[in-house]
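Work through the two exercises below with the sequence and the structure in view. Each task is followed by a solution in steps.

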Amino acid sequence: EATELLKQLAEAYPQLCKLQSVGKSYGKRDLWVMTITNFESGPANHKPAMWIDGGIHANEIQSVEVVLYTAWYLLEMADQSETIAELLDTRTFYLCPMLSPDARDAHFYQPNTTHTPRTGLRPVDDDRDGLVDEDGPDDLNGDGHITQMRVRDPNGTHKPHDKYPNVMVRVEPGERGTYRMLGEEGIDNDDDGKVNEDGDGSYDPNRDWPWMWQPRYVQRGAHHYPLSIMENRLVAEFIMKQKNIIGGQSYHNAGGMLLRGPGAKSDRFEREDIEVYDRLGKQGAEILPGYRYLNIANDLYEVHGGSIDWLHQMHGAYTFTNEMFTPFNFFRQHSEGGFFGSVDDQQRFNKYLLLSDATVEWEEVEHPTYGKIEVGGMKKNWLRQPPAFLIEEELHRNMAFTLYHASELPQVEIESVEVRDLGDGLREVTAVVRNNKLTPTHSRADLKHKITRPDWVTLHVAEFAENSEALPKGKPKVLLGMYSDEPFFTSPKEQKRKPQRMEIPRIDGHSVVYVRWIVQGEGPFTVEFDSVKGGRAEKDVAAIR
């Protein structure tokens, strides 16, 4: 269905989007990437670009929906909103809704919990018994959900919640419970005395990226080596070809968080890059009530080999992870209890707003090992995902933050070009090049790791006029080139080699660079700005005679 939506959009808006498959998943499903921009205003790779992905953890299903919603909104509103029209004129969006399509399909159409499958579906021998995926969960009562198993026990560890009997809670020290919990629904399929120890997959696609990668004994969920998961490799190869990507957004759930890297405490981001993140993230927390702007390593937990660290440190793109859906939305007030809020808030919301649809009644079944047990508890379609009546607001607010981020990607203009006659056939040409947005044309990570070439500011000079008497006929020549961060050139940086094309390391956000040439010739002149990630601009000026 998601594929069909993408195809319908691509057919309806060929002037604004292109849909392509970057390859096939393990299960032979297409990995779709949609490129959205106004192609009439310039090629996609000549504009600053946003990468937007979802569904790397396939059970986090609204992360796919928000990418689809973003594609739909950009295309539908292109001729109705001046803001969207300007974004599409000056920006490129690369959207990959489903990074793990196989596991997403399994989450919908096979028995699972709200947390599964987080992994991909390549077979893995989790228990190292020589077999793969031979002992996963089993839907014992056939209701399409993997819930919990319990057995009556007068010395048990759990009891039903006083107010919400479908929910089990651990008893206090010294208190006797009435049930013993047996884990998720399942049987011992391989007769090794364990239940559910080797299900589908069992690797984390968001621990597979090359930056700060660690093996499995250090980082739980890591696969064989960086980008050993083919879906990730195919997407990474596409991203690496799009040198103009300078902003990124990866959608996950849950807990209501705007996250930036680094994910590992041993890693560090440059101070100036963090300042850009801070300004974007603080605005995001206003756009998304109840969300918190946090650093992954210090405020959440350590992640080695995460995609957004790779995008920042190895591609130079300012990238966020949004953990979608916040317990704040239960009753529009802050809820204690971590990612999913307190049990009391969860169950009050279930009772009064979901009309008790989030849980199933406990049902007695016969278990081959434990005998008569009961299965029940939380359904797979609740806790991580907002219910249907809240989904559109969740998608729109998250998209709005990402479009705000996109609007603050670099936007450079040649503000002015002045030509002064120095006599003896010489001209002084001074250009003021301004970045009107928050994001610089290169992140500090980009400069540190030499990811993309410097920005170019080039002076194009016309040939001499035929009636010129001051200089011999021939092509004009740029004799000197320099740039400065202030208009008086008190401490300019001169470029001795090829001064016609000045190399500027970067243009900071909301700042200007002054570029000056001494030219032997009359003009007219054209100044051109060309940046891999910062876009392009040019301005013409007539000669002074």
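**Exercise 1.** Find in which sense α5 passes α8, and which residues make the contact.

*Solution.* Step 1: α5 passes α8 in a right-handed crossing (the near helix is turned clockwise from the far one by less than a right angle). Step 2: the axes of α5 (residues 230-241) and α8 (residues 307-315) cross at roughly 35° and come within 12 Å. Step 3: α5 contributes A236, I239 and M240 to the contact, and α8 contributes W310, L311 and H315 (contact means heavy atoms within 4.5 Å). Step 4: by class, five of these residues are nonpolar, one is polar and none is charged.

The model is predicted: local features need pLDDT of at least 70, side-chain atom pairs count only at pLDDT 80 or more, and totals for chains, interfaces and linings use all residues. Residues are numbered from 1 along each chain as its sequence is written, and side-chain values use heavy atoms, with hydrogens and water left out.

**Exercise 2.** Describe the largest cavity and its lining.

*Solution.* Step 1: the count is one cavity of 30 Å³ or more (a set of points on a 1 Å grid over the protein atoms alone where a 1.4 Å probe fits but cannot get out). Step 2: the largest cavity holds about 90 Å³ of space. Step 3: 15 residues line the largest cavity, and S100, G120, L121, Y203 and E231 are the closest to its centre (lining residues have an atom within 4 Å of a point). Step 4: α4 (101-109) and α5 are the elements that give two or more residues to this lining; α4 gives the most, with three. Step 5: by class, the lining has eight nonpolar, four polar and three charged residues.

Technical notes. Axes are lines fitted to C-alpha atoms, for helices over the stretch in contact, and angles run from 0 to 180 degrees between N-to-C directions. Helices (H or I, at least four residues) and strands (E, at least two) are DSSP runs, numbered from the N terminus. Ala, Val, Leu, Ile, Met, Phe, Trp, Tyr, Cys and Pro count as nonpolar, Asp, Glu, Lys and Arg as charged, and the others, Gly among them, as polar. On a 1 Å grid over the protein atoms alone, a cavity is a set of points where a 1.4 Å probe fits but cannot get out, and a pocket is an open set with protein on both sides within 12 Å along at least five of seven lines; lining residues have an atom within 4 Å of a point. Grid points are joined across faces, edges and corners, and a volume is the space filled by probe spheres set on the points.
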